[in-house]
Amino acid sequence: MNRPPSGGGRRATTGARPSSSLRQGAPPGTAMRMPQGTGAPGTARPGTRGGVPGGVGVLDAKLSVTDRPTTQQGLGGMRTGKKGPQRVVMDKSYFIGMLRTKLNELQAENNSLQRGIEQANEENNSYLSYEKRAESLANEVKEQQGQLGDYNTLVDKLNTDTAMEEVLEDHNQLKAQNDVEAKNIDKIFTQRQEIEQNIHQVEQEIQQCRRMADTLVDDMNPQMRQKYMSLKQTNESLARELEARQQELDSLNTKKENLEDDLSTSQVKQEAVRLYEQLHELEEKKAQLIAEDQSRGTPTEERERLLKQVKEDNQEIASMDRQIQEYRDQITTLQDEIRQLDLDLEEHQGEKNMKYKELKKREETMTEFLEGYEDTKLQELEHKGNLEENIVAILSHMSRNLGRTKHMPNPQELARMQDDLSFKQTEMHKSEATASSLAGESARLQMDLQKVEQLESKITTELETLKAKISTMNQELEDYSDLNKLRGESDKRKQKLQEEKVTLTTRRDTFKKAVQELSAHYEATKTQLNENETYAQLGNLERKWQHHEQNNFVMKEFIAAKSMESDYRPLVAAVKTQINEYNKLVQESLARGVQR
Amino acid sequence: MFDVALSGAGAKVVLTTSSDENYPPENMLDGKAESFWISTGMFPQEFVISFAGMMNVSKIKLSCFHVRGLSIQRSVQKEPLDFEVIDERELTPSDASLQLEEFKFDETTARHMKFIIKSGFDHFVSVHKLNIDGTAVREAE
Amino acid sequence: MPVAMPVVLRAKCVVVGDSTVGKSALTQVFHSDGTHFPKAYSMTIGVELCVKSVNIPETSNSVELYIYDSAGKEMFSDHVQQMWDSPSLAVVVCDLANEKSLSSCVKWLERVKAKAGRDIHAVLVGNKTDLDTRRVVTAEMAQKAAAGMEVVYFECSAKERENVEAPFYFLANAFYKQYQEKVAMTESLCE
């Protein structure tokens with residue numbers, strides 16, 4: 001865990017191992033052999049022993065047999081017993097000898113490691129070649145599978161006796177499909193090429209533009225160039241800042257979203273958020289108030305400020321009022337001018353116009369009068385004549401009446417005349433009543449007449465039938481009187497009937513026999529049928545089916561009845577027809593209303 | 001050879017599935033084509049003719065109307081039972097005139113003959129004349 | 001005066017239509033003269049035969065109707081068609097509360113006509129007039145369909161025993177008339 005690189009290095013290839021040990025290990029007495037279970041995190045600890053001295057303070061309690069016990073100071077801590085008697089004097093030759101042994105050991109180790117490397121390389125190569133072989137074999141397998149599939153289909157087709165035409169058809173279909181697919185691929189390929197060309201062109205253009213820009217920059221004088229450079233640099237820095245800020249913003253956004261998600265799940269946090277918001281608001285308010293307070297200043301300053309503001313406002317108001325007034329004056333002057341002009345126009349022309357109109361009217365009336373004068377004169381004369389006549393008549397009437405008043409009847413005569421009048425009136429009523437009753441009588445009599453006519457026709461027909469009956473009865477009398485003939489006829493009939501009876505009895509007997517034969521046959525077949533097991537089974541199944549069908553039917557009826565109760569469609573149709581009728585009526589009434 | 005089916009020769013219609021009084025089955029055996037027997041609907045219809053005695057039948061001539069499927073059976077029993085089929089035929093339709101059919105047999109003996117009309121071209125069929133040529137057979141004691 | 005023997009004609013009358021339109025109910029009500037109405041539905045298996053005699057008015061003759069009440073389920077269609085050998089009359093029944101049954105009537109009549117091989121008298125009968133809340137086939141629709149099939153249309157309710165005899169009487173009379181025409185034609189042929 002503490003040395004992931006070494007562990008990783010170890011895990012990568014076997015070849016890295018020696019380097020790490022050479023790098024790290026100061027003089028390891030013997031080479032560190034690969035611990036069992038290389039690469040497992042549990043056994044990463046042995047690697048730490050080869051690590052920087054003092055890096056790890058804890059020794060692993062798990063020792064494997066091949067691991068040499070080490071101390072903090074490196075290898076060789078406890079192996080004094082194995083090396084036999086030690087040299088006590090540690091001088092140069094001792095150390096040289098030690099070094100030499102160590103060198104030899106290192107060499108040996110090197111060789112072995114080299115061999116290991118070579119082996120590994122060989123294995124690699126062989127691995128590569130094996131891989132290639134495996135690939136080729138896989139391809140072969142695929143091909144063979146394809147062939148197998150083809151053969152299988154062939155066998156299937158043979159087994160199902162499909163006609164050659166079908167196979168050919170399938171083949172043609174597949175070919176056509178393949179062609180279509182190939183064409184599609186070609187199209188797509190050409191499209192891709194075109195797009196690539198476009199891309200090329202665009203890139204070239206971009207390059208050209210860049211070059212042009214560069215040339216421009218070169219052409220510019222040094223000052224401009226410097227400015228340009230500085231601007232460019234600022235641009236770049238700003239762009240980088242922008243990116244950084246954008247990234248910050250994104251991360252903050254994601255953080256915010258995460259927090260919101262967390263928030264939405266826990267109530268406590270929601271409460272906390274609410275409270276935080278409140279707090280925030282209150283703090284803002286507080287800041288606002290403080291700012292206000294600060295910016296308030298002393299009351300006098302405030303007053304001055306306010307006064308100043310008021311004065312400014314007043315000034316503004318005054319100016320605006322002035323402007324408004326000016327406009328209004330302008331408007332009124334213009335309106336006056338307009339009126340003046342109108343009047344002038346009218347005056348100038350109005351007088352003359354009016355005079356002209358008056359004259360014209362007068363002329364018209366005069367001509368009318370002159371034209372109608374004759375007629376009106378005649379009419380008036382006639383009227384006058386009539387009136388005169390009327391007057392004359394009325395006068396004569398009046399004179400006659402005056403004369404007649406002398407001959408007015410007395411009240412008695414008046415009473416008499418009134419009596420006469422009432423009498424005549426009653427007479428008139430009576431005669432009216434008699435007239436209506438007479439009309440009713442005449443109708444009734446006419447109906448009676450019709451009935452009588454019908455009766456007459458019926459009687460005539462009855463009379464005819466009776467006459468016919470009489471004639472037939474007469475004839476029958478004659479017939480029946482001739483007893484001999486009757487007897488002969490009855491004998492003949494009797495004989496015929498006897499013959500018929502004989503034939504019919506024989507027929508009946510034959511029928512009976514035939515029916516017996518047929519019914520015996522029928523009974524035999526019926527018993528045979530009943531003995532047949534299949535028939536019995538069929539009968540049972542049919543009965544079961546009848547039972548099921550009955551259930552089915554009952555349920556269907558029930559469903560139909562119930563669904564009819566909730567069926568809204570007839571109501572919809574009825575409502576629609578009624579609405580149509582109502583609309584038509586409304587339309588008609590409106591049309592009639594419009595006409596009137 | 002003579003017409004053994006004439007009622008004059010003693011032949012009788014002993015069974016018929018349709019009987020209209022105006023057109024009785026005797027009309028078939030009177031030798032006249034104007035009088036006929038008509039069925040009263042439904043198929044199959046059949047009628048059985050009993051001869052006076054055992055007859056040797058050689059030819060049957062039938063004039064009828066609207067008959068389609070016809071089967072001829074014979075019985076040699078005393079009673080008209082145990083019929084065996086001797087001929088079956090489908091007749092051709094003739095709408096405006098009678099169908100005249102001939103049936104030839106060699107050496108067929110019969111005491112009774114049954115004619116079954118299995119189907120017809122119309123709901124009702126009519127048989128106008130039945131002619132059976134044959135000779136009487138002397139019966140052994 | 002000799003009294004004429006009554007002529008008894010026999011007619012094979014097939015009653016066809018979709019399943020559950022009421023053919024068996026119609027037949028049984030007609031056969032029992034209105035006394036017996038099968039309240040519980042019992043699916044007809046195959047064909048059920050019953051005979052009923054109908055008097056021709058103003059004569060003493062009668063027509064015996066051999067009524068072949070056929071099953072309506074499609075499963076039985078082959079079987080019942082075998083039973084329909086040379087029918088004389090056909091009654092095609094439809095359910096007035098089921099629109100599909102009316103459209104199938106054409107199909108049923110075609111089947112019967114195919115088996116008959118010649119023109120037969122047929123009627124279209126609309127059953128279940130008592131269910132007027134559930135009625136979806138109007139009289140005009142049924143009349144139009146009947147006119148399209150060139151048959152006469154009758155409406156009835158087997159449950160209410162209403163107008164059940166009318167189609168059968170009509171068919172019996174038509175059959176009787178046909179017989180008379182046939183007799184007259186054969187007579188004229190002979191002369």
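The buried residues of α11 of chain A are A:G539, A:E549 and A:F553, buried meaning under 20% relative accessible area with a 1.4 Å probe, protein chains only. This is a predicted model, in which local features need pLDDT of at least 70, side-chain atom pairs count only at pLDDT 80 or more, and totals for chains, interfaces and linings use all residues. Residues are numbered from 1 along each chain as its sequence is written, chains are lettered from A in the order in which they are written, and side-chain values use heavy atoms, with hydrogens and water left out.

Visitor: What span should helix α11 of chain A have, and how far apart are its end C-alpha atoms?

Guide: Helices are DSSP runs of H or I, at least four residues, numbered from the N terminus. The expected span is 1.5 Å times one less than the number of residues. Helix α11 of chain A has 33 residues (533-565), so it should span 48 Å, and its end C-alpha atoms are 48 Å apart, which agrees.

Visitor: Which residue caps the N-terminal end of α11(A)?

Guide: A:N532 does, with a side-chain oxygen 3.1 Å from the backbone nitrogen of A:T534.

Visitor: How many residues does the contact take from chain A and from chain C?

Guide: Contact means heavy atoms within 4.5 Å. Here 11 residues come from chain A and 13 residues from chain C. Buried area is the accessible area (1.4 Å probe) that two parts lose on being put together, summed over both. For chain A and chain C it is about 1300 Å², 65% of it on carbon and sulfur atoms. On the chain A side, A:W545, A:Q546 and A:F553 lose the most area to chain C, together 39% of what that side buries.

Visitor: How many salt bridges are there between chain A and chain C?

Guide: A salt bridge is a side-chain nitrogen of Lys or Arg within 4 Å of a carboxyl oxygen of Asp or Glu. The count is 2; C:K73 and A:E549 meet in a salt bridge at 3.0 Å, N to O. The largest share of the chain A side, 10 residues, comes from α11(A).

Visitor: What area is buried between chain B and chain C?

Guide: About 2100 Å², of which carbon and sulfur atoms give 60%. In chain B, B:M42, B:H123 and B:F124 lose the most area to chain C, together 33% of what that side buries. The rule finds 1 salt bridge across this interface: C:K182 with B:D122, the closest N and O atoms being 2.9 Å apart.

Note on methods
Helix = DSSP H or I, 4+ residues; strand = E, 2+ residues; numbered from the N terminus. Buried < 20%, exposed > 50% of the residue type's maximum accessible area, 1.4 Å probe, protein only. Polar contact = N/O pair within 3.5 Å; in protein donor to acceptor, adjacent residues only side chain to side chain.
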